[in-house]
Amino acid sequence: MSIGKIVKTLVFSLTMLAVSPLKPQAYMVKYKEDYYKLYHVHYQQFPDDCLENIYWLEQAIKSDFCNPLYAYTKIENEQQWEKYRYLFQMHLNLKLIEQHLRLARVYDKKVAYFYDAPWKDEYLRNLQKAKSLYEICYVYWQEAELWAEKANLGKFKFLYLTKLQNWEDERERIFTGELNYKKTLDRELTRLEKVIKDLEAMNDDETY
C-alpha cells in the first residue's frame with residue numbers, strides 16, 4: 001500500500017472516530033492549539049503512530065490560532081502574540097520533519113549487501129517510499145526557515161517567550177545554522193540514491 005493510501009485510510013479512521021456517537025466525552029477540536037495537543041511521541045513509535053501525528057500536525061498548521069487568552073504562554077501585548085504565532089508555525093513544521101524522518105527510516109535501507117539480490121525489488125519499492133518522505137521534508141524545512149526568520153526580526157531582539165524556551169532554542173539554532181535539516185536531507189538522499197543504484201545493479205537471479 002502506498003504512503004498516500006495509508007494516509008487517506010488513517011484520515012478516514014480518525015474522522016470516523018471523531019464523530020462516533022460512542023464518544024460522548026469528545027471535545028471540539030478546532031484551533032491550532034487543540035490539534036497540537038493530540039500530537040504525541042511514544043518511547044517506541046510505530047508507523048501508524050507517525051502517520052497519526054502527521055495528520056494532527058497538518059491539521060494544526062491549517063487551523064486558526066485560539067484566542068491569546070488560551071495560548072501556550074502568557075500573552076500580554078500584540079508583539080508577544082505576533083512572535084508566538086511565528087514560533088508556533090516554525091515548531092509545527094519542524095515536528096513534521098521529525099515525524100517524516102521517523103517514518104522514512106521504516107522503509108530505508110542503509111546499505112545494499114550482495115546477499116540482498118533475491119529481494120531487491122521489495123527493497124527498491126521501500127526505498128522509493130523513503131525517498132518520497134525525505135523529499136517532502138524540504139517543503140517543511142523551507143517553511144520552518146521562513147517562520148524562524150520572521151520570529152528573528154529586529155523588533156523581537158529583546159523579546160523572549162520564556163515559557164516556550166524550546167521553541168526559542170529552535171529559532172536560535174536555525175538562525176546560527178546549528179539546526180539545518182537541508183544538510184541532513186541532502187546527505188540521506190545521496191546515500192539512498194547510492195543504495196538504489198547498488199540494488200539495481202544486482203542480478204536478482206543469483207542465490208546465496
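How exposed is Lys 110? With a relative accessible area of 47%, Lys 110 is partly exposed (between the cut-offs of under 20% for buried and over 50% for exposed, using a 1.4 Å probe on protein chains only). Before the views, some housekeeping: this is a predicted model, in which local features need pLDDT of at least 70 and side-chain atom pairs count only at pLDDT 80 or more, while totals for chains, interfaces and linings use all residues. Residues are numbered from 1 along each chain as its sequence is written, and side-chain values use heavy atoms, with hydrogens and water left out.

View 1. Lys 110 pairs with Glu 188 at 3.4 Å, N to O (a salt bridge puts a side-chain nitrogen of Lys or Arg within 4 Å of a carboxyl oxygen of Asp or Glu). That pair links distant parts of the chain, with Lys 110 in the loop and Glu 188 in helix α7, 78 residues apart. Helices here are DSSP runs (H or I, at least four residues), numbered from the N terminus. Arg 191 and Asp 108 form another salt bridge, at 2.4 Å, and both residues are buried. Asp 108, Lys 110, Arg 187, Glu 188 and Arg 191 join up in a salt-bridge network.

**View 2. The pair Lys 109 and Asp 116.** Their closest N and O atoms sit 3.0 Å apart in a salt bridge. Lys 109 counts as buried at 13% relative accessibility, and Asp 116 does too, at 3%.

**View 3. The largest nonpolar core, with 56 residues.** Such a core is a set of buried Ala, Val, Leu, Ile, Met, Phe, Trp, Tyr and Cys residues joined through side-chain atoms within 4.5 Å. Tyr 84, Leu 94, Ile 97, Tyr 134 and Trp 141 have the most contacts inside it. Helix α4 gives the most to this core: 14 residues. Leaving aside neighbours within four places in sequence, Trp 141 is in contact (heavy atoms within 4.5 Å) with residues including Leu 94, Ile 97 and Ile 174.

**View 4. Gln 89 in helix α4.** Gln 89 counts as buried, at 9% relative accessibility. Its side chain makes a 2.9 Å polar contact with the side chain of Lys 32 (a pair of N or O atoms within 3.5 Å; within protein, one must be able to donate a hydrogen and the other to accept it, and residues adjacent in sequence count only if both atoms are side-chain atoms). As for the helix, 23 of the 30 residues of α4 are buried, so it is largely enclosed by the rest of the structure.

Methods
Helices (H or I, at least four residues) and strands (E, at least two) are DSSP runs, numbered from the N terminus.
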